[in-house]
Amino acid sequence: MYVQIITIHAAPHAIPQLRRLVQIQFLPHLKTDAGFISAHLMAHIDHQNLAQLIIYWESKPASEHSQESGALAGPNFNLPIVPELQIFYEEFVIASHR
């Protein structure tokens, strides 16, 4: 399994708007990509200008295909402009033991 962690910084008043945009526009589109497993959008409780989007993929190629198709392309991953928006990407391979 492969995971992307997208850390999002925005103006505190913009985080609720960003959450709605991710839930209404971004995630439904992402769910149609081959290899998509699930995603979680988390808004930080103590730092109201911070959110993280965690996206789980079957493989690195599935993640890369999504990036190439445009779903995750560009600095705002196809979201409208949000005040003070900054996005940072990290990618990890997950090894799980049950």
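User: Why is the link between the side chains of Gln-4 and Ser-63 called a polar contact?

Analyst: A polar contact is a pair of N or O atoms within 3.5 Å; within protein, one atom must be able to donate a hydrogen and the other to accept it, and residues adjacent in sequence count only if both atoms are side-chain atoms. The side chains of Gln-4 and Ser-63 are joined at 3.0 Å, so the pair falls within that limit. Gln-4 has another such partner, because its side chain is also joined to that of Trp-57 at 2.8 Å, again within the limit. Please keep in mind that this is a predicted model, where local features need pLDDT of at least 70, side-chain atom pairs count only at pLDDT 80 or more, and totals for chains, interfaces and linings use all residues. Residues are numbered from 1 along each chain as its sequence is written, and side-chain values use heavy atoms, with hydrogens and water left out.

User: How do you know whether Gln-4 is buried or exposed?

Analyst: Its relative accessible area is 1%. Buried means under 20%, exposed over 50%, and partly exposed in between, with a 1.4 Å probe and protein chains only. Gln-4 is therefore buried. Its setting is strand 1 (residues 2–9), where 7 of the 8 residues are buried.

User: What makes residues 2–9 a strand?

Analyst: Strands (E, at least two residues) and helices (H or I, at least four) are DSSP runs, numbered from the N terminus. Gln-4 lies in the run named strand 1. The protein chain has 2 helices and 4 strands, and from the N terminus on they follow the order β-α-β-β-α-β.

User: How do you know that strand 1 and strand 3 pair?

Analyst: Two strands pair if DSSP finds at least two bridges between them. Strand 1 and strand 3 have 8 bridges, in the antiparallel sense, so they meet the rule. Strand 2 (residues 36–43) pairs with strand 3, antiparallel, over 7 bridges; Ser-38 has Tyr-56 as its bridge partner, and a hairpin of 6 residues joins the two strands.

User: Why is strand 3 described as largely enclosed?

Analyst: Because 6 of its 8 residues (50–57) are buried, it is largely enclosed by the rest of the structure.

User: What makes a set of residues, such as the one with Ile-8 and Trp-57, a nonpolar core?

Analyst: The set must consist of buried Ala, Val, Leu, Ile, Met, Phe, Trp, Tyr and Cys residues joined through side-chain atoms within 4.5 Å. The largest nonpolar core has 20 residues, of which Ile-8, Phe-26, Leu-30, Leu-53, Ile-55 and Trp-57 touch the most other members. Strand 1, helix 1 (15–30) and strand 3 each give two or more residues to this core, and helix 1 gives the most, with 6. In soluble globular proteins, nonpolar side chains tend to be buried together.

User: Why is the pair of Glu-64 and Lys-60 called a salt bridge?

Analyst: A salt bridge is a side-chain nitrogen of Lys or Arg within 4 Å of a carboxyl oxygen of Asp or Glu. For Glu-64 and Lys-60, the closest N and O atoms are 3.4 Å apart, so the pair qualifies. Both residues lie in helix 2 (residues 60–69), 4 residues apart, about one turn of the helix. The structure holds 2 salt bridges.

User: What makes Lys-60, Glu-64 and Glu-91 one network?

Analyst: Glu-91 also forms a salt bridge with Lys-60, with the closest N and O atoms 3.7 Å apart. Glu-91 lies in strand 4 (residues 86–93) and Lys-60 in helix 2, so this pair ties together parts 31 residues apart in sequence. Salt bridges with shared partners join Lys-60, Glu-64 and Glu-91 into one network.

User: Why do Glu-64, Lys-60 and Glu-91 count as partly exposed?

Analyst: Their relative accessible areas are 32% for Glu-64, 38% for Lys-60 and 36% for Glu-91. These values fall in the range between buried and exposed, so each residue counts as partly exposed.

User: How do you know whether Ala-14 is buried or exposed?

Analyst: Ala-14 has a relative accessible area of 0%, so it is buried. You will find this residue in the loop between strand 1 and helix 1.
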